[in-house]
Amino acid sequence: VQELAAEPWDFITIQQASLRSHDAATYRPYAERLVELLKRGAPDAQIVVHETWAYRVDDPRFDPAAERAPDSTEPVDREAMYRGLADAYRTIARELHAPLIPVGDAFHLADSDPTWGYRRDESFVPAEAVHPKLPDQSHSLHMGWKWSKDAEGAYRLTMDGHHANVAGQYLGALTFYESLYGKSCVGCPFRPNGINAEYARFLQETAHRAVSALQGTEFEVKPRVVAAAAD
């Protein structure tokens, strides 16, 4: 609370851990208590819910061979995880009377696109891979497969289908920008290294679609209007 009160805040975003994002019950009562604490320390800030994203389609969490408890509610694939988290975030945002930054929606739109969406490389067999062989991971929004050295200096193949890579970070940043500033991100001149102009344009348009879908709804972020300085 002291740190919040130490300086002014326009927005404060909150989110659930992605592993539990599909289950609205895991947000309660903690989300409400957190917002109460934040408002106590920063009463003028607008509290905004950051919708996180589903894991990559080939994340080990979705492996059909993975052991699951008989009563498990864990999502079995990317689509199920997205549907669960989209519903849970909206449920909680509505309870908190807070708007939503739809990063998860943007990821889903991008991954579902027939041209630009990531597609699993079916020719890649992780158990048979030899360094430095990697699958085709074009248009992935997640870190994915990579080789790392262990303590003994040997290369180990690892998979991270959870965290965003540069493309995913760019898509998320575009979604934040348009949500918080109320300005279209389409045509943004900045693009990260490794992201060509055509793909950057697609990511910009995708972020714009996700944010535009919330306009006029209870989940739309109301950007703060900053008065222009006098000449």
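His139 is partly exposed in the predicted model, with a relative accessible area of 25%. This residue sits in the loop between helix 4 and strand 4. The phi of His139 is near 65 degrees, a positive value in a residue other than glycine. Most residues other than glycine have a negative phi, and most peptide bonds are trans. A positive phi is also found at His97, which is not a glycine either; the value there is about 55 degrees. His97 belongs to the loop between helix 3 (78–96) and strand 3. With a relative accessibility of 74%, His97 counts as exposed, because the term applies to values over 50%.

Two cis peptide bonds were examined next. One runs from Arg28 to Pro29, with omega near -5 degrees. Pro29 is placed in the loop between strand 1 and helix 2 (30–41). In the other case, His131 and Pro132 are joined by a cis bond with omega of about 10 degrees. Pro132 is located in the loop between helix 4 and strand 4, and His139 is found in the loop between these two elements as well.

Strand 4 (142–149) pairs with strand 5 in the antiparallel sense, over seven bridges. Within this pairing, Lys146 has Thr158 of strand 5 as its bridge partner. The two strands form a hairpin with five residues between them. In the turn of this hairpin, Gly153 has a positive phi of about 90 degrees.

Helix 5 covers residues 166–181, 16 residues in total. From its first C-alpha to its last, helix 5 reaches 22 Å, close to the 22 Å expected at 1.5 Å a residue. At the start of the helix, a side-chain oxygen of Asn165 comes to within 3.1 Å of the backbone nitrogen of Ala167. After the helix comes Gly182, with a positive phi near 70 degrees.

The buried residues of helix 5 are Ala167, Gly168, Tyr170, Leu171, Gly172, Leu174, Thr175, Glu178, Ser179 and Leu180. An α-helix has 3.6 residues a turn, so residues three or four places apart point the same way. Among the buried positions of helix 5 are Ala167, Leu171, Leu174 and Glu178. The cover over the buried residues of helix 5 includes helix 4 (103–112) and helix 6 (197–212). Strand 1 (11–14), strand 3 (100–101) and strand 5 (155–164) are also included in this cover.

Definitions and conventions: Residues are numbered from 1 along each chain as its sequence is written. This is a predicted model: local features need pLDDT of at least 70, side-chain atom pairs count only at pLDDT 80 or more; totals for chains, interfaces and linings use all residues. Side-chain values use heavy atoms; hydrogens and water are left out. Helices (H or I, at least four residues) and strands (E, at least two) are DSSP runs, numbered from the N terminus. The expected span of a helix is 1.5 Å times one less than its number of residues. Buried means under 20% relative accessible area, exposed over 50%, partly exposed in between (1.4 Å probe, protein chains only). Contact means heavy atoms within 4.5 Å. A polar contact is a pair of N or O atoms within 3.5 Å; within protein, one must be able to donate a hydrogen and the other to accept it, and residues adjacent in sequence count only if both atoms are side-chain atoms. Two strands pair if DSSP finds at least two bridges between them.
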